[in-house]
Number of protein chains: 4
Amino acid sequence: MVVVLRRDVPQEKIAPLIRWLEDKSLSVRVFQGQEQCVLGLIGDTAKVDVEMIKSLDIVESVAAMSDPFKASNRQMHPEDSVINITSPDQLEHAIGGGKFALIAGPCSVESREQLTGVAKAVKAAGANFLRGGAFKPRSSPYDFQGLGEEGIDLLLEAKKATGLPIVTELMEVHSLHLFEEVDVIQVGARNTQNYDLLRELGKVPNTILLKRGLAGTIKELLMSAEYIMAGGNENVILCERGIRTYESAYTRNTLDLSAVPVLKTLTHLPVVVDPSHGTGRADLVPSMAFAAAAAGADGLMIEVHNDPKQALCDGAQSLTPDQFSETAAKIFKIREALGL
Amino acid sequence: MVVVLRRDVPQEKIAPLIRWLEDKSLSVRVFQGQEQCVLGLIGDTAKVDVEMIKSLDIVESVAAMSDPFKASNRQMHPEDSVINITSPDQLEHAIGGGKFALIAGPCSVESREQLTGVAKAVKAAGANFLRGGAFKPRSSPYDFQGLGEEGIDLLLEAKKATGLPIVTELMEVHSLHLFEEVDVIQVGARNTQNYDLLRELGKVPNTILLKRGLAGTIKELLMSAEYIMAGGNENVILCERGIRTYESAYTRNTLDLSAVPVLKTLTHLPVVVDPSHGTGRADLVPSMAFAAAAAGADGLMIEVHNDPKQALCDGAQSLTPDQFSETAAKIFKIREALGL
Amino acid sequence: MVVVLRRDVPQEKIAPLIRWLEDKSLSVRVFQGQEQCVLGLIGDTAKVDVEMIKSLDIVESVAAMSDPFKASNRQMHPEDSVINITSPDQLEHAIGGGKFALIAGPCSVESREQLTGVAKAVKAAGANFLRGGAFKPRSSPYDFQGLGEEGIDLLLEAKKATGLPIVTELMEVHSLHLFEEVDVIQVGARNTQNYDLLRELGKVPNTILLKRGLAGTIKELLMSAEYIMAGGNENVILCERGIRTYESAYTRNTLDLSAVPVLKTLTHLPVVVDPSHGTGRADLVPSMAFAAAAAGADGLMIEVHNDPKQALCDGAQSLTPDQFSETAAKIFKIREALGL
Amino acid sequence: MVVVLRRDVPQEKIAPLIRWLEDKSLSVRVFQGQEQCVLGLIGDTAKVDVEMIKSLDIVESVAAMSDPFKASNRQMHPEDSVINITSPDQLEHAIGGGKFALIAGPCSVESREQLTGVAKAVKAAGANFLRGGAFKPRSSPYDFQGLGEEGIDLLLEAKKATGLPIVTELMEVHSLHLFEEVDVIQVGARNTQNYDLLRELGKVPNTILLKRGLAGTIKELLMSAEYIMAGGNENVILCERGIRTYESAYTRNTLDLSAVPVLKTLTHLPVVVDPSHGTGRADLVPSMAFAAAAAGADGLMIEVHNDPKQALCDGAQSLTPDQFSETAAKIFKIREALGL
């Protein structure tokens, strides 16, 4: 249930209402917009006397909320969420509400040279986040599983060297202690409905980048965000990364760009697009990156490798630093053309 | 099989080779580019002596062609096809090779007032083609099936009034005589593999706009183009209009924008995108139109209705003329930003 | 709308009601069951005075019908439809309502020897229908398109020789005159929504076997049946033949056997299953044929070829006559075990 | 790589070969069939001298293995795996190689009365395993999440009371200690690619029932089994439970029964089918259970509830004990008819 308060109601009048609602075993989420305050009620709202609330002089309107996703729902938080990430380089690293995140880096961290080389190159091209995999979810137990802890260390070094906040994937709860200084923890497509992992991530201060499942619905993505937010962590970024369809002759997945405007109507959380996994082909990444930017995405996550042919993982979908630089320049031009 | 000739080989040296190949029961397609000529051989190439052809002094290289689509294959026709449509208004109405088609109009033709009103509005906004349905494929035999012949007449009137070439759907071979003055005949998604219809359209001079099947693959779309081209009609435009996936809670179809760059690598034919059917929701059409333009589409087909709420068909996905005008302006800006 | 009459109402009381309803521009379908009569009303039922009809002493109940498929709807025709096909051999060739159709034969008719050889073998194994393709829908315009008219002649010869009614595919309206003596005309998966073809088949006396579209929904299949039935042809058999899904590594299509019981609840029309196209692999055909029989299918359509490795079409999914014979024996045992 | 030894080679000749292979850092899996022994080599087989091995007098043949799934591969283990579960009632509870598992019980454990009532009823009807959910994966964090530890206790009580081995789902590694006496630990469709969980299950002595992912491929299912088997746990049962397709109007999922014969050719592991989740509709469960049995499944898992309308979870897909009893009887008849 959503209670919209009248404009300019003073805080001292709001607090008693919140207390009264909490006494009814409801969880109350407060959205304080620039002019108006919205209260979102989660729990068994059946026992709430709607007419009574409507009749209060500080209340403008009361609406039911039929969607099963609550905390992530735009009804409860009419303005875009903006997630700010502080970083050693004192530059702005924000996402959402008009702030654009250009996240780039190699599929997996392979060595110090590789990582810092790529990091500097993508920063020069305009990237404001560095990505890289330390723990890799591989479909075969016999394949290279990533550098693990050493990979995290190399990412933190690259962060220090470039000032870029880092994004890297967590695969299992018991590695969580290694991610303390990781700015954005990624949940991969195979773990989108690993509720245990999501619950734990609801308790940490890091920002979470949550990928849509391999063949996940939009509703499932939002419900997974809900698992994180229900635990108290509001800093969730959603990521479209291609879905599984019958068309697999030319692309690894089918990038569902309509998910961008659909999600922007349903939720206040930022939405980024991963055209690298979304297509699986480096030659398609620029076009789809442009398309995602034009569709209104709050960010892009693009794989860049200094030597794609020698990459230990996903080389076929990685851009070279030069290709990335050219792509980034056009992305910024599109945003400018659209007044974003 | 593709035979690339050396630069600047004179015509009189090419003709005997073509005759010799045709004597082997092969169909020979000649692509005369600005600098080089390419011969595409269709038929049983097993009996051709490749080494002998390679050794000819006018031949640069010979390559097998493994794709089942031949005439539409970019290997056979390395440059983009450009389709020109002459029209009463003497303005340029071309598509492909950098020429952009903005096709707009109502889902179905309802009346003279509706159609000419919309036609003038979309032309003013920058559209260079008018679309409108006269024969409508409806899933129920009991539903409104379109105005039929009267609808075609109204479209021709609107063409005369505005100078815009028209695009309208043909559903069955025996109505073909009504389409003589129709500039672009549309084949709908339910008829993409109606081979009988495609074969007939191979014999007409009109341009054909071929929609991808409801759940059609990219290869199937190209094979259907092949049915038309094998009959001698080279003027085929391909149209991505959304595919059927498991995600149907928020959109009617899943618009597969990666089909645009994929098709551009596989074929020389122009590719347009229909975000109206691709999403089924007017509020998503602008974002997806921007995305399609940014992805490099050669055109867009957008439903516009003067009064979407009263539309006899597909009102939920139609833009108003004002919304279209705003959308069109941004589409042009994106193309400019990308230097297209 | 469905009007269920009381038991044992005499015909002379029913006729005036029907006339009265038809005067309201409604199409009235009469289902005369063993004990009860049901009237199905198609058209604009909004102007019908439901309360008045309910109050008639011959009426037991009146129900709205929300499904868009009307004539095929089980509500209108509570008992299974049984389609009888008379044949030179004087044996029973029926399908539906407990009568099982075992349809077998080669993918495409190749020669007199091939066809009659296979026909005799499948008859000996228990098949009661012979299938064979004369006109073949091929994805490439350059592939073998079937023997055409000659193929039809060979089928008619085989029919005479074995007494088996024949099933063969029609691809386009203008070949229809060749199908006069064809017992069951098949509409292939690419033509399921070729409404023009369906309308024409609504006017012929032949039985129609309508395949589900390549990626067709159950509702679309019923709506296509509706196109045929709206024209007056009630003899429609529905055929599940596998749908397009993301899983294509091991099977050509995903055979949707739950469509069998789902369809049996929605419609009175017989439902057959094609495990040959449904899997694309001969080694899977027996298991899936058993499964389809156990799921309650009214028939099976199985490809049988005397020499699968040399087949001009779809050899990989064809059984040999011996394999078919073994499979057929087990199918009959399963039906017996289930008391079908 | 697979090394097939000649018949009747004595153990003392095999052991040195195995040691020699292990010295090359290969993991050697030994399959001792009734007549022949097969060695399966996992690891970097590039350095193995194939010709040398072929020349050994105890070796019949050597074959490469291109599939990425190794331990689960039928090439390595040509006979069906049979998994035996000892139980208090001294009756046979085995699955695979002709032994059929009929697993039945409520979606979630609700109370002692409910569970033991259902357990006794399903046992009387022929079930040889009891299923019930204690930990429930729910798409909303605000929904009933199962009785948890108490649920496990009630299952163990029901096991004691009826002698039936129990099957119940584990959702997260840290609950594993509660599952010591659970005979079969289920991995749900959302956790099929939770590699961390799978690795842990590779170390326990319990049998694992691994469900196919929500939209998982057959290959992914086998690779997930590989994660468990690579850890040393060979007792893995695979479960088809319906996949996500575009057809969701009438069924919750599309039950892919062709997965049964496909899996039987690829792997030696037993394959069971869950028609309850596979359809989501109780009225379709019997037909699909019959179909699965006829397709050759090694078992069925069916939801049974004493009062489906009051079930806390998935009531719409649960059979009553009476319906289950009737269904079970027909399942046994089908197996008998097929000589299984």
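In the predicted model, the contact between chain A and chain B draws on 37 residues of chain A and 37 residues of chain B. The area that these two chains bury between them comes to about 3,000 Å², with carbon and sulfur atoms accounting for 70% of it. On the side of chain A, Y246(A), Y250(A) and L338(A) together provide 22% of the area that the chain buries against chain B, more than any other three residues.

In a salt bridge between the two chains, the side chain of E247(A) meets that of R212(B), at an N to O distance of 3.2 Å. The count of residue pairs in polar contact between chain A and chain B, with both residues at pLDDT 80 or more, is eight. At least two residues of the side of chain A that touches chain B are supplied by each of α6 (218-230), α7 (259-266), α9 (285-294) and α10 (321-337) of chain A, and α9(A) gives the most, with five residues. By residue class, this side of chain A divides into 20 nonpolar, eight polar and nine charged residues.

For chain D and chain C, the contact takes 37 residues from chain D and 37 residues from chain C, and the area buried between them is about 3,000 Å², of which 70% is given by carbon and sulfur atoms. Two salt bridges are found across the interface of chain D and chain C, and a salt bridge joins the side chains of R212(D) and E247(C) at 3.3 Å, N to O. Eight residue pairs, both members at pLDDT 80 or more, are in polar contact between chain D and chain C. The elements that give two or more residues to the side of chain D that touches chain C are α6 (218-230), α7 (259-266), α9 (285-294) and α10 (321-337) of chain D, the largest share, five residues, coming from α9(D).

Within chain D, eight strands form a closed barrel in the order β7-β8-β9-β10-β11-β12-β13-β14, with parallel pairing, and the twist from one strand to the next averages 25°. In chain D, strand β11 (residues 207-211) and strand β12 (residues 236-240) pair in the parallel sense over four bridges, and K211(D) stands opposite C239(D) of β12(D). Helix α7(D), which is among the elements that contribute to the side touching chain C, lies across β12 and β13 (271-273) of chain D and runs at about 170° to β13(D).

Methods. Residues numbered from 1 in each chain as written. Chains lettered and ligands numbered in written order. Heavy atoms only, no water. Contact = heavy atoms within 4.5 Å. Buried area = accessible area lost by both parts, 1.4 Å probe. Salt bridge = Lys/Arg side-chain N within 4 Å of Asp/Glu carboxyl O. Polar contact = N/O pair within 3.5 Å; in protein donor to acceptor, adjacent residues only side chain to side chain. Pairing = 2+ DSSP bridges. Axes fitted to C-alpha atoms, helices over the stretch in contact; angles between N-to-C directions. Nonpolar A, V, L, I, M, F, W, Y, C, P; charged D, E, K, R; others polar.
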